[in-house]
Amino acid sequence: MCGIIGYTGPQRCLPILIDGLRRMEYRGYDSAGVAIINGKGVVVKKDVGKIAALEALVDADPPHGTIGIAHTRWATHGEPSQINSHPHLDCRGHFAVVHNGIIENNESLRETLKAKGHKFRSETDTEVLSHLIEEYWDGSLEKAVAAALRLVEGTYGIAVVSDLDPDKVVGARKGSPLVVGVGNGENFIASDVSAMLAHTKQVVYLGDEEMVILTPRGYRTQTLNEIPVDREIEEITWELSQIEKGGFPHFMLKEIFEQPKCIQNAIRGRLMEQTGEAHLGGLNLTDDELRSVERIVMLACGTSWHAAMIGEYMLEEYCRIPVEVEYASEFRYRNPVIGPNDLVIVISQSGETADTLAAMREAQRRGARALGICNTVGSTIAREADGGIYIHAGPEIGVASTKAFTSQVAVLAVFTLHLAHVRGMNPEVNQELIHELKAIPAKIERILKSDAQIVEIAKMFQKTTNCLYLGRGYNFPVALEGALKLKEISYVHAEGYPAAEMKHGPIALIDEKMPVVFLCTRDSAYDKVLNNMSEVRARRGRIIAIATEGDESVRERADQVIWIPHTIDPLVPLLSVVPLQLLSYHVATLRGCNVDQPRNLAKSVTVE
Ligand code: F6R
């Protein structure tokens with residue numbers, strides 16, 4: 001989604017702003033722009049296309065100045081075009097605004113402003129903000145911004161500069177992330193900490209409907225009604241190297257290869273093998289409260305929803321508690337039965353997904369307690385949840401989620417262990433799960449060694465236009481995830497199905513041109529899946545199997561086999577998904593696709 005960076009300090013701001021935009025490129029965008037106060041006025045440079053296009057534009061006539069804001073836009077209102085790119089100016093060009101989110105009442109505000117004589121240039125909702133600020137201007141930028149925002153319905157993360165109040169950057173947020181970066185004699189604002197990590201690790205997270213006024217000398221936070229708010233400075237623990245490619249051609253590949261380390265980070269210090277217990281510091285739930293939970297409802301979107309499905313299977317198997325998994329986007333718009341005896345688990349890598357956040361708020365409004373399983377520290381879901389578990393996967397930059405998925409599954413296993421222990425389940429079963437979980441990182445390392453073989457398989461299938469992924473039990477969500485990975489980065493149509501459902505419809509698709517990826521590991525569904533494989537073979541489908549090392553029965557039936565080590569059923573997804581991530585990655589790169597920034601996709605979906 002859109003990215004914001006702002007700077008005020010002694011340095012020339014253009015290189016800082018461009019570097020910040022580059023670090024947010026992964027979020028997905030279609031145009032980019034900057035606004036800089038240059039001592040004479042506000043200079044705006046913007047264009048459709050990549051940041052390189054913006055760089056070419058500013059190189060031709062570089063704006064000089066030490067205060068500025070910049071933006072990458074992912075179009076919502078109005079097509080991607082130069083005129084619709086941010087920053088947006090008011091009629092006389094004094095107020096430049098960049099904005100993430102959607103102003104829902106922009107039509108009526110636009111009509112009112114037009115009636116007062118304001119002239120609009122773009123089709124965007126954002127432009128109403130610059131004109132509103134112009135309308136309320138009375139000598140103080142923050143007062144004008146606050147007055148404008150009090151009229152706005154919808155969501156926003158904004159940054160504003162003006163040559164009439166020239167050393168300030170004013171920011172505000174509601175439903176869209178905005179973080180202050182506190183420097184030494186300079187200050188930053190960004191929608192994503194990675195944009196300013198090269199300059200500072202001291203950050204302040206703004207709350208909803210809060211504003212910040214930055215100058216080179218300091219910052220202050222307040223509500224839209226101008227009541228001061230105290231916000232603590234927090235320290236970012238990420239290193240700059242974590243948001244760089246580290247020798248890999250793409251972030252996605254780097255993140256796939258980081259998974260052994262990520263799983264270790266997700267489970268570190270949380271497991272006690274001798275007693276079969278798990279420790280989770282941030283749940284904010286007593287053992288008695290956990291025992292009284294009657295049902296768990298999991299809410300998530302996309303890949304996180306697939307992780308939730310695996311969590312459902314684990315929690316029902318180990319804790320004998322009913323679990324429901326729902327798309328957050330569906331949950332929020334029906335009339336769900338949910339209340340104080342339900343525990344809601346919200347899963348989100350970014351912690352900012354608009355649908356997931358809204359679903360969590362709805363569940364909380366109805367009296368349920370919400371736990372957040374998030375990656376991004378300080379994200380809105382992490383802060384608004386009643387308790388939570390960080391997955392500690394480190395920044396995930398590739399748009400296609402990989403290491404966050406396996407880390408989410410690992411954390412769900414830890415939570416399952418904790419709940420099983422509290423609810424008095426058999427400790428030996430827990431001990432086995434802990435033992436196997438600890439062995440997962442080394443097993444993933446082994447799978448990663450098959451990368452060269454997977455490249456060869458990808459070459460055979462790179463021209464395919466369709467692909468079916470089949471799995472059963474714990475491997476069914478993996479089939480869904482494998483299909484999602486392929487379609488989102490290679491634009492090949494792919495479907496994930498429970499293997500047994502194949503004969504109820506999808507089998508009609510099978511012919512000698514149809515690749516079918518089978519997840520056929522030695523688990524409780526093994527014999528049945530093997531039969532399904534024979535059914536596909538009988539119809540001359542082309543089979544790629546993910547199978548347990550040394551399985552001759554699978555070798556006989558499949559055209560290609562990618563081997564994975566054995567583990568217990570609930571942990572199979574942590575292994576079986578890895579070859580599917582690699583397969584999608586290689587198919588996509590062979591097809592010349594931009595894997596880190598696939599078309600139309602954004603890393604963090606902060607609009608409905
Ligand atoms: C797929 C992918 C998306 C996200 C979904 C939820 O690779 O990345 O499907 O999983 O948008 O995002 P989070 O987990 O940030 O809430």
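Tutor: Helices and strands here are DSSP runs, at least four residues (H or I) for a helix and at least two (E) for a strand, numbered from the N terminus. Keep in mind that this is a predicted model.

Student: Take the backbone, then. Which residues does a cis peptide bond join?

Tutor: The general idea: most peptide bonds are trans. Here a cis bond joins His86 and Pro87, with omega about 5 degrees. Pro87 lies in the loop between β4 (67–73) and β5 (88–89).

Student: Which residue other than glycine has a positive phi near 60 degrees?

Tutor: Most residues other than glycine have a negative phi. Tyr491 has a positive value, near 60 degrees. Tyr491 is in the loop between α16 and β24 (493–498).

Student: Now the ligand. Which residues come nearest to it?

Tutor: A residue counts as near if one of its heavy atoms lies within 4 Å. There are 14 residues around the ligand, and Ser304, Ser348, Ser350, Thr353 and Glu488 come nearest. The shell divides into four nonpolar, eight polar and two charged residues.

Student: Where does the ligand sit?

Tutor: In the largest pocket. The elements giving two or more residues to its shell are α9 (302–319) and α16 (475–490).

Student: Why does the ligand lie between domain 2 and domain 3?

Tutor: Because domain 2 (245–441) and domain 3 (449–596) both give residues to its shell.

Note on methods:
Residues numbered from 1 in each chain as written. Predicted model: local features only at pLDDT ≥ 70, side-chain atom pairs only at ≥ 80, totals over all residues. Heavy atoms only, no water. 1 Å grid on protein atoms, 1.4 Å probe; cavity = no way out; pocket = protein on both sides within 12 Å on 5 of 7 lines; lining within 4 Å. Sits in = over half its atoms within 2 Å of the grid points. Nonpolar A, V, L, I, M, F, W, Y, C, P; charged D, E, K, R; others polar. Domains from an automatic or database assignment.
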